Amino acid sequence: MYYFKHKIWIALAVVIIMLAGCKKWEDHIAVDNTQLKENLLDAIKANNNTSRFYELLKQTGYDSLLMQTKTYTVWAPDNNALANIDAAVLNDAAKLRLFVGNHISNQSYLTSAALSPIRIKMLNGKNNTFYDKSFDEAAITLADQYFNNGILHIINKPVYALPNLWEYITTVQSDGQQKTAITDLNIEIFDSTTATQIGVDPNTGAPIYQPGTGLVTGNNFNNRVYNTQREDSLYTYFVLSESAYTAEKDKLLPYFATGTSDSTSDLANYHLIKDLLVRGVYTQDQLPDTLISKFGVKIPIEKSSIVSSYKVSNGIVHVMNSMNFQIQDKVPSFIIQGENPRGFSHDRRSNIFYRIRTNPNTGASFNDIVAQNHSIALFNIMYSVNNVYSVKYKIYWVAVNDFSTATHQQRLLMDLPTNTIFPYVTVPLANYSEVYLGEYTYAQFRQSINMYLVSANSTNNALNPLTLDYIRMEPVYY
């Protein structure tokens, strides 16, 4: 009997707990349902702490947007945050719309989705970082408010729309050699989306555009290095003071000699500025001693040389009063791999062998090329090298003869296959070391050169093989 009564009391307790839980859930649903009857604009208007932002929404036309059924997320600055808004923004309609649009994005973003930093594209085209309870540099004081067309967060600071890096370079960065070097790379390009179509080619079906239309300005710094206009990418950019820029450019000038001082200056400028931009954001605290540019050049960082830093919408800018590039990093040796030829004097593909070998002295593997049994006198393999500096080079090769019981001779010719720059060299058996061939000077910078590995002047296959692991061109620095 006692056991039966005990079970009844347990059952009654469970029912009471369930009823209480249901009441709490109903209260929760009631709150959610009340909010879900409102849109984002209603919510911002009704909240006394965001009344100033509501006025800005009306002033910029974004009020009608936030009444639509499409889903948005709004990070609304509270009234205190907007108490001292920049007058230059407030009194300029375009800047104000850019500012307000910098607090609204498409889609719903909850703080639970930002446990690690995420970059969110705003309605003005800029990107801001949303991380946990922060939005850019503002703290979220009220988070994750659901409404029928999206999510509302309230923040304690305004988030201004910053210029991107290209806008910084062209409109904010001080005039000087570095800015001029970049803007001198402006080019005119054709953009069909802005051109006026006047017909269709009857033969190809391609559109015909009115001459002179569709021409827009591009820039080869953005084309060749990184596109600093991209809001979806992040960069760190270094601006050198005039004295620092001059010092670094003067180091480069002797290596980019051309027929004119202007073109020499242009080349030195480009080869300096191309290594002043890297992917990723590195604040002053996060900067390592060395960064690597897109082109493999070591960028030396002395934090004490940073004069100032500026945040841009797609990265950060550091102004430096010194940046001591090492000339061997800017003007490096060239390694021309034997297994990467540009062409051959004759089609003897069945006599060309691409090998993977092991150096018995070091245990390291390497690739090379062997031309054997081709029966051609003066058979040659051509190689190309781009961007060759105006400097004297010491030339070395590694040529491994491990396929024969006899030595043979071969030579290296620079620029033209008929040049007689280097004499024939005997290739000994099983030699895995570099062999010094001699020196060769380029008086002027060359966009590209050719060199030729040439066999003996004999059709005797025992005498005319070719072999090459690599050629190394080592600059003799000024």
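**Overall build, cores and a few local sites**

In this predicted model, 42% of the 478 residues in the chain are buried. The chain holds twelve helices and 29 strands. Its radius of gyration comes out at 34 Å, well over the 23 Å from the globule rule for 478 residues, so the chain is more spread out than a compact globule. Along the principal axes, the C-alpha atoms fill a box of roughly 110 × 80 × 65 Å. As for who touches whom, take the contacts between residues at least 6 apart in sequence: 69% of these join residues at least 24 apart.

Charges are split into 38 positive and 41 negative side chains, with the centres of the two sets 5 Å apart.

Now for the inside. The largest nonpolar core has 74 residues, and the members that touch the most others in it are M451 and M473. Leaving out residues up to four places away in sequence, M473 is in contact with S333, F334, I336, V388, Y393, K394, I395, M414, Y442, I449 and M451. Apart from this core lies another one, made of 23 residues, including L41, Y54, L66 and L96.

Helix α8, which spans residues 177-183, contains Q178. This glutamine has a relative accessible area of 2%, so Q178 counts as buried, the cut-off being under 20%. Beyond its sequence neighbours up to four places away, Q178 touches Q173, Y237, F238, V239, L240, Y245, I273 and L276. One of these contacts, I273, sits 95 residues from Q178 in sequence, yet the two C-alpha atoms are 7.1 Å apart in space.

Two loop residues turn up on either side of strand β16. S305 is in the loop that links β15 (298-300) to β16 (306-312), while N321 belongs to the loop between β17 (315-320) and α12 (327-330). S305 is buried at 8% relative accessible area, whereas N321, at 41%, is partly exposed. Counted the same way, the contacts of N321 are S241, A244, S305 and V307. From N321 to S308 the C-alpha distance is 9.7 Å, for a gap of 13 residues in sequence.

Backbone angles give two more sites to look at. Most residues other than glycine have a negative phi. Q107, not a glycine, has a positive phi of about 75°. It is found in the loop between β2 (104-106) and β3 (118-121). With a relative accessibility of 51%, Q107 counts as exposed, since the cut-off for that class is over 50%. D136 also has a positive phi without being a glycine, with a value near 55°. The loop that holds D136 runs between β5 (134-135) and β6 (138-147). At 24% relative accessible area, D136 is partly exposed.

Note on methods: Residues numbered from 1 in each chain as written. Predicted model: local features only at pLDDT ≥ 70, side-chain atom pairs only at ≥ 80, totals over all residues. Heavy atoms only, no water. Core = buried A, V, L, I, M, F, W, Y, C linked by side-chain atoms within 4.5 Å. Buried < 20%, exposed > 50% of the residue type's maximum accessible area, 1.4 Å probe, protein only. Contact = heavy atoms within 4.5 Å. Helix = DSSP H or I, 4+ residues; strand = E, 2+ residues; numbered from the N terminus. Rg over C-alpha atoms; globule rule 2.2 N^0.38 Å. Lys, Arg positive; Asp, Glu negative; His and termini not counted. Charge placed at Lys NZ, Arg CZ, Asp CG, Glu CD.
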